[in-house]
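Please open the structure in a viewer and keep the selection tool at hand. The stops below are meant to be taken in order.

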Amino acid sequence: MDFNMKKLASDAGIFFTRAVQFTEEKFGQAEKTELDAHFENLLARADSTKNWTERILRQTEVLLQPNPSARVEEFLYEKLDRKVPSRVTNGELLAQYMAEAASELGPSTPYGKTLMKVSEAEKRLGAAERDFIHTASLSFLTPLRNFLEGDWKTISKERRLLQNRRLDLDACKARLKKAKAAEAKATLWNDEVDKAEQELRVAQTEFDRQAEVTRLLLEGISSTHVNHLRCLHEFVKSQTTYYAQCYRHMLDLQKQLGRFPGTFVGTTEPASPPLSSTSPTTTAATMPVVPTGAGLIPPEEAALCLEEVAPPASGTRKARVLYDYEAADSSELALLADELITVYSLPGMDPDWLIGERGNKKGKVPVTYLELLS
């Protein structure tokens, strides 16, 4: 009991001494040991890393889950170490409503058939979104949270300890200064000065040791940047895969709707007058639309023409197929993902299509399904 009381009294004394030193420094009444410029730069970089990591983490959470209530619910489940319940995505919910509407309004009508087709596509979009959210959470959000809840807490703890060691050091310097001043006036014995010098040496040693520990942790922020860079690449990769899946699903849907009688897949006239010129950047960023069949050569004539044409003497290229493609008619060439084919263009062809050859088979292929090789 006596030992505990003495320890509490000692801790209270240390706390009081640090508080006095800190207050006097704030009012300019005491000297403060300054850290070197390199150390200050490490501290500034660490603070910036922490602050921007928090912002990026919060905004990525908003991107993956725009519903604030759902985010709070997921946060509580994680804190309670419980599995987050599976939640229907907006796309899947829309697909459900469309399927129910088609069933009630007549699945055999043009509108009902179209609703069912769009419902299937929305369901696939919802599944792709679910996979993207799961992948992005594991490869990007989790490492950011681990840094904030792990490494950063350790750094913060050691920084607070360093601050205490510095306050102790400066308090010892102040006591030694007062002791020497009193000695000069012959009001203190030499042993008081010796005691103050000994306390100063101990405080300096502890401060230097803690400064080295903190410096090593702060320099580890470079490794954190490397890790976050790798995670950022994974996030971009998962996002690219997600949008590529969405684009492919919608291209397939548009192609299927173009075969339905009475289905409107586009307007025959532009909504506004075309621009006199289009910049290369705008053209490259515009998604190509799958041809609907209007203005193209009839399938029978196209097949006949394709048999008679020969590839140009120059201008043929190799292309890798990105996705499976089902030929809509005899003028098109069915494709399998990852296969290599020879492609070329004919005068007057739609720029969204090429002629593809595989062995003795030949047909039109959509450019959006190909990766042209040099």
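**Before you start**

This is a predicted model, in which local features need pLDDT of at least 70 and side-chain atom pairs count only at pLDDT 80 or more, while totals for chains, interfaces and linings use all residues. Residues are numbered from 1 along each chain as its sequence is written, and side-chain values use heavy atoms, with hydrogens and water left out.

**The whole chain**

Colour the protein by secondary structure. There are nine helices and five strands; here helices (H or I, at least four residues) and strands (E, at least two) are DSSP runs, numbered from the N terminus. Read from the N terminus, the order of elements is α-α-α-α-α-α-α-α-α-β-β-β-β-β.

The protein has 374 residues, and 29% of them count as buried. Buried means under 20% relative accessible area, exposed over 50%, and partly exposed in between, with a 1.4 Å probe and protein chains only. Among contacts between residues at least 6 apart in sequence, 69% join residues at least 24 apart; a contact means heavy atoms within 4.5 Å.

**Stop 1: Ile 221**

Select Ile 221 in helix 7, which covers residues 221-258. Is Ile 221 buried or exposed? Its relative accessible area is 0%, so Ile 221 is buried. Now show its surroundings: leaving out residues up to four places away in sequence, Ile 221 touches Arg 45, Ala 46, Thr 49, Phe 147 and Ile 155. Take Ile 155 from that list and draw a distance between C-alpha atoms: Ile 221 and Ile 155 are 66 residues apart along the chain, and these atoms are separated by 9.8 Å.

**Stop 2: the aromatic rings**

Display the rings of Phe, Tyr and Trp (its six-membered ring), which pair if their centres lie within 6.5 Å; planes under 30 degrees apart count as stacked, over 60 as edge-to-face and the rest as tilted. The whole structure holds seven aromatic pairs. One of them is Phe 140 with Phe 235, a stacked pair with 4.8 Å from centre to centre and 20 degrees between the planes. Phe 140 belongs to helix 5 and Phe 235 to helix 7, so this pair links distant parts of the chain, 95 residues apart. Phe 140 counts as buried at 5% relative accessibility, and Phe 235 counts as buried at 9%.

Move on to Tyr 325 and Tyr 369, an edge-to-face pair with 5.0 Å centre to centre and 65 degrees between the planes. Tyr 325 is in the loop between strand 1 (317-321) and strand 2 (340-344), and Tyr 369 is in the loop between strand 4 (361-366) and strand 5 (370-372), so the pair ties together parts 44 residues apart in sequence. Tyr 325 is buried, at a relative accessible area of 5%, as is Tyr 369, at 3%.

Then select Phe 132, Phe 140, Phe 235, Tyr 242 and Tyr 243 together: they form one aromatic cluster.

**Stop 3: Asp 338**

Go to the loop between strand 1 and strand 2 and pick Asp 338. Its phi is near 80 degrees, a positive value in a residue other than glycine. Asp 338 is exposed, with a relative accessible area of 53%.

**Stop 4: Gln 65**

Next, find Gln 65 in the loop between helix 2 (37-64) and helix 3 (68-79). Gln 65 counts as buried, at 16% relative accessibility. A polar atom of the Gln 65 side chain lies 3.1 Å from the backbone nitrogen of Asn 67. Apart from residues up to four places away in sequence, Gln 65 touches Ala 70, Arg 71, Glu 74 and Arg 87.

**Stop 5: Asp 168**

Asp 168 is in helix 5. This residue is buried, with a relative accessible area of 17%. Beyond its neighbours within four places in sequence, Asp 168 is in contact with Ile 14, Arg 18 and Ala 203.

Terms used:
Polar contact = N/O pair within 3.5 Å; in protein donor to acceptor, adjacent residues only side chain to side chain.
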